[in-house]
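Subject: Structure handover

Hello,

I am passing this structure on to you. Please look through it first; my notes on what was found follow below.

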Amino acid sequence: HSYVAIAYGQRRKIQQAPAERRGTLLEAYRQTLKGVKLSTKGIPLLLAHRRVLEASYYNFEGKEDKARSLLAEAEEIAVDTENAWAQYEIHLERARFAWGRNDLDGARKRFLRAKEYAEERGWRARAQRCSDILEELTA
């Protein structure tokens, strides 16, 4: 489980990093994903997170079709295992896909859905993070 948390933290650093630093951070992320793969083997609840994190990696690499496929698999597993955290991360990743394609309207809708999902579960910090991103998108 710790590899999953570390990988989410690394993913966030990549998202916030200037372009010139992303290559180094992405390589570290790729290495962490190896640990995620080993630590999630045979644990469906964690497998959903693995797929989300792998989808993020492929999205960073510009391989959106592969990323979408992994995200669809993650969603199926997350719903089956009632994994709310993974479902929230799936909403965020779909929003990032839209943002990356410059589909700002689509990104806003998906970040809003992630915010609502977080609020429904009482996850104030996650909901606030989505609000901050929504402000950035509308600025």
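The buried residues of helix 7 are covered by elements that include helix 1 (2-16), helix 5 and helix 6. Please keep in mind that this is a predicted model.

Helix 7

Helix 7 runs over residues 124-138. Its buried residues are Ala 127, Arg 129, Cys 130, Ser 131, Ile 133, Leu 134 and Leu 137. An α-helix has 3.6 residues a turn, so residues three or four places apart point the same way.

Arg 129 is buried but has no salt bridge. The nearest side chain of opposite charge belongs to Glu 89, at 4.7 Å; the cut-off for a salt bridge is 4 Å. Leaving aside residues up to four places away in sequence, Arg 129 is in contact with Arg 12, Tyr 88, Leu 92 and Arg 96.

Nonpolar cores

The largest nonpolar core has 25 residues, and Tyr 29 and Leu 53 touch the most other members. At least two residues of this core come from each of helix 1, helix 2 (19-40), helix 3 (44-60), helix 4 and helix 5.

What does Tyr 29 touch, not counting residues up to four places away in sequence? Its contacts are Ala 7, Gln 10, Arg 11, Ile 14, Leu 53, Ser 56, Tyr 57 and Phe 60.

Two loop residues

Most residues other than glycine have a negative phi. Glu 82 has a positive one, near 55°. Glu 82 lies in the loop between helix 4 (64-80) and helix 5 (84-100). Is Glu 82 buried or exposed? Its relative accessibility is 70%, so Glu 82 counts as exposed.

Asn 102 also has a positive phi, near 65°, and is not a glycine. Asn 102 sits in the loop between helix 5 and helix 6 (104-120). With a relative accessibility of 63%, Asn 102 counts as exposed.

Regards

How values were computed:
Residues are numbered from 1 along each chain as its sequence is written. This is a predicted model: local features need pLDDT of at least 70, side-chain atom pairs count only at pLDDT 80 or more; totals for chains, interfaces and linings use all residues. Side-chain values use heavy atoms; hydrogens and water are left out. Helices (H or I, at least four residues) and strands (E, at least two) are DSSP runs, numbered from the N terminus. Buried means under 20% relative accessible area, exposed over 50%, partly exposed in between (1.4 Å probe, protein chains only). Lys and Arg count as positive and Asp and Glu as negative; His and the chain ends are not counted. Contact means heavy atoms within 4.5 Å. A nonpolar core is a set of buried Ala, Val, Leu, Ile, Met, Phe, Trp, Tyr and Cys residues joined through side-chain atoms within 4.5 Å.
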